[in-house]
Amino acid sequence: MASSLFSPTNVGPVTLANRIVVSPMCQYSADDGCANDWHLMHLMQLAISGAGLVVLEATAIERQARITHGCLGLYSDANEAALARVLGAARRVAPPHTRWGIQLNHAGRKASAQRPWEGRAALGLREDPWPTEGPSAIAAGTHWHTPREMSLDDMTRVREGFVAATRRAVRLGFDVIEIHAAHGYLLHQFLSPLANQRTDPYGGSFENRMRFPLQVAMAVREALPPGVSLGLRITGSDWTPGGIEVAETIAFADALKARGVDYVCVTTGGVVNARIAVHPGYQVPFAAEVKASVKLHTRAVGMIVDARQAETIIATSQADTVALGRAFLDDPRWVWHAAQSLGDEESIVYPPQYERSKPGLWAGAQLARPGTANAS
Ligand SMILES: Cc1cc2nc3c(=O)[nH]c(=O)nc-3n(C[C@H](O)[C@H](O)[C@H](O)COP(=O)(O)O)c2cc1C
């Protein structure tokens, strides 16, 4: 019987061939926002993964919106041309059903940071730091830069930056635009009272705190042609007393749905340092609550690593799609292996050049992946 994981689904106007999404993952390897050969390699291997949707990493809407010096950007013609090269190459080798998304981001008070392998700390004076901005002049933690509180003009500039980056992404042919409103970056900072202490109409009540993120979402929506899907990555919990809890997440998702947003991806954490009990599928209950309450296309993410675990999430309607991050870095052929273990190999498109690696055609598969060799 065909699996739920490999059944098609619609995300707004876009049809996905299966429920598997490559989660956005910063590569911290760009040159002033420009994609290079690392991104080419990264996207080329994901291109033939068989995932229904590949979402490119958090991409800065302006130069100062980058998390690190290595973040991808869509704030210049050079950025756009560089991304056209790597995306074009990836599209040319991908199975035709593959859909492509890009996550647009402003890092807010978490900008001007070191790459993970440099320590993840705020950039020091000798590391070419830049001034950061946020809803309030509250640092993300000790030793972080204190951001400048954004004025209404700053907010207009940032909203227009999201729109300008969206227009570039549309020109590049992306099927899906994802706005990052989680992991403690700017739009999440506006949503969370842990980072937003404003006393104007953009702070205080949840209605006020979601005003700016909603304005950004609406401006991006208006810039999109009919065939492009719009989603947001949102937070299910700040894991901290006084922070966002799932009732507010549901209210936010409801407001997004009312404004024509096609999907949400529910993640958690990142606005402050919090203790999170991570275990397989630990964020799925937040997605399930949002999906059940709001009836909006919902993606789950976080420690989804096993094909049967992913199948159960979809089959039991806890989410409409699942995003995997590290599992794809570890195994870009995750989709093929999942199809094998679910006995659903007909659902995937092997590039003919690699067809001889199919378990049924290669006795060595038993040695490479014990337990899956006879699944086809
Ligand atoms: C190397 C790396 C980079 C990431 N970059 C982003 C990003 O650009 N945007 C984002 O929303 N999440 C980012 N994340 C989080 C992942 O998208 C995902 O939500 C998280 O890793 C949990 O999923 P997993 O357990 O399947 O890896 C990143 C994670 C990793 C490991």
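Biologist: Two strands pair if DSSP finds at least two bridges between them. With that in hand, which residue in strand 8 stands opposite Gln103?

Modeller: Glu178 stands opposite Gln103. Helices (H or I, at least four residues) and strands (E, at least two) are DSSP runs, numbered from the N terminus. This is a predicted model, where local features need pLDDT of at least 70 and side-chain atom pairs pLDDT 80 or more, while totals for chains, interfaces and linings use all residues. Residues count from 1 along each chain as its sequence is written, and side-chain values use heavy atoms, leaving out hydrogens and water.

Biologist: How many bridges between strand 5 and strand 8?

Modeller: Four, in the parallel sense, between residues 99–105 of strand 5 and residues 176–180 of strand 8.

Biologist: Why is strand 5 largely enclosed?

Modeller: Six of its seven residues are buried, so the rest of the structure largely encloses strand 5. Buried means under 20% relative accessible area, exposed over 50%, partly exposed in between (1.4 Å probe, protein chains only).

Biologist: Zoom out. What strand order does the closed barrel have?

Modeller: The eight strands run 3-4-5-8-9-10-11-12, with parallel pairing. Neighbours in this sheet are turned by 25° against each other on average, direction ignored. Angles run from 0 to 180 degrees between N-to-C directions, and axes are lines fitted to C-alpha atoms, for helices over the stretch in contact.

Biologist: Which strands does helix 7 touch?

Modeller: Helix 7 (residues 246–258) packs on the sheet against strand 9 (229–235) and strand 10 (263–267). Its direction makes about 165° with that of strand 9. Contact means heavy atoms within 4.5 Å.

Biologist: And which way do the residues of strand 10 point?

Modeller: Tyr263, Cys265 and Thr267 go one way, Val264 and Val266 the other, and all are buried. Five of five are buried, so strand 10 is largely enclosed by the rest of the structure. Strand 9 pairs with strand 10 in the parallel sense over five bridges, and Arg233 stands opposite Cys265.

Biologist: New topic. At what angle do helix 1 and helix 2 pack?

Modeller: About 20°, with the axes 9 Å apart, for helix 1 (residues 37–47) and helix 2 (residues 77–93). That makes helix 1 roughly parallel to helix 2. Angles under 35 degrees count as roughly parallel, over 145 as roughly antiparallel, 65 to 115 as roughly perpendicular and the rest as oblique.

Biologist: Which residues of helix 1 meet helix 2?

Modeller: Asp37, His39, Leu40, Leu43, Met44 and Ala47 meet Arg85, Val86, Ala89, Ala90 and Val93 of helix 2.
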